[in-house]
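Me: I would like to go through the terms used for this model and what each one rests on. Please set values against cut-offs.

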Amino acid sequence: MSTSTTASVSTHILDTSVGRPAAGVAVHLSARSGRAADWRALGGSVTDADGRCKDLPALPEGTTHVRLDFAVEPYFEESAKKQADAQQDAPANRDSGAVFFPEVAITFAVTPGEHYHVPLLLNPFGYSVYRGS
């Protein structure tokens, strides 16, 4: 929850390759208090069945930049196993079997008193983010 001296952050992930929320993705939150400051790990969460992280840590006062790190490789590996089981004749991955983007790191600036919802639209070969509401 944002206050007049802090910002707040929330996120969710939609796997656009299947049109469903991405459950079970680890998300880590870091913050810094200026462009030259070091990043400070604040903690993390895991997306629920709706693809949402409802319990990300609060941002400390003075935060100016935030980074969300999404560990998507384990999600896609598990997803590929499920697809391979469901479609035995289809390859699990068009490439070598490796995940193209094993992680997604999103960095953005924040202003005290504002809430930042950052949805991640994800597929095996690309992603997009935006400031949501």
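Reply: The side chains of Ser-8 and His-115 are joined by a polar contact of 2.6 Å. The model is predicted: local features need pLDDT of at least 70 and side-chain atom pairs pLDDT 80 or more, while totals for chains, interfaces and linings use all residues. Residues are numbered from 1 along each chain as its sequence is written, and side-chain values use heavy atoms, leaving out hydrogens and water.

Me: Why is the pair Ser-8 and His-115 called a polar contact?

Reply: A polar contact is a pair of N or O atoms within 3.5 Å; within protein, one must be able to donate a hydrogen and the other to accept it, and residues adjacent in sequence count only if both atoms are side-chain atoms. Ser-8 and His-115 come to 2.6 Å, so the pair falls within the 3.5 Å limit.

Me: Is Ser-8 called buried or exposed, and why?

Reply: Its relative accessible area is 7%. Buried means under 20%, exposed over 50% and partly exposed in between, with a 1.4 Å probe and protein chains only, so Ser-8 is buried.

Me: Which residues make contact with Ser-8, leaving aside neighbours within four places in sequence?

Reply: Contact means heavy atoms within 4.5 Å. Among the partners of Ser-8 are Met-1, Leu-59, His-115 and Tyr-116.

Me: What makes a set of residues a nonpolar core?

Reply: The residues are buried Ala, Val, Leu, Ile, Met, Phe, Trp, Tyr and Cys, joined through side-chain atoms within 4.5 Å. The largest such core here has 26 residues, and Leu-68, Phe-70 and Phe-108 have the most contacts inside it.
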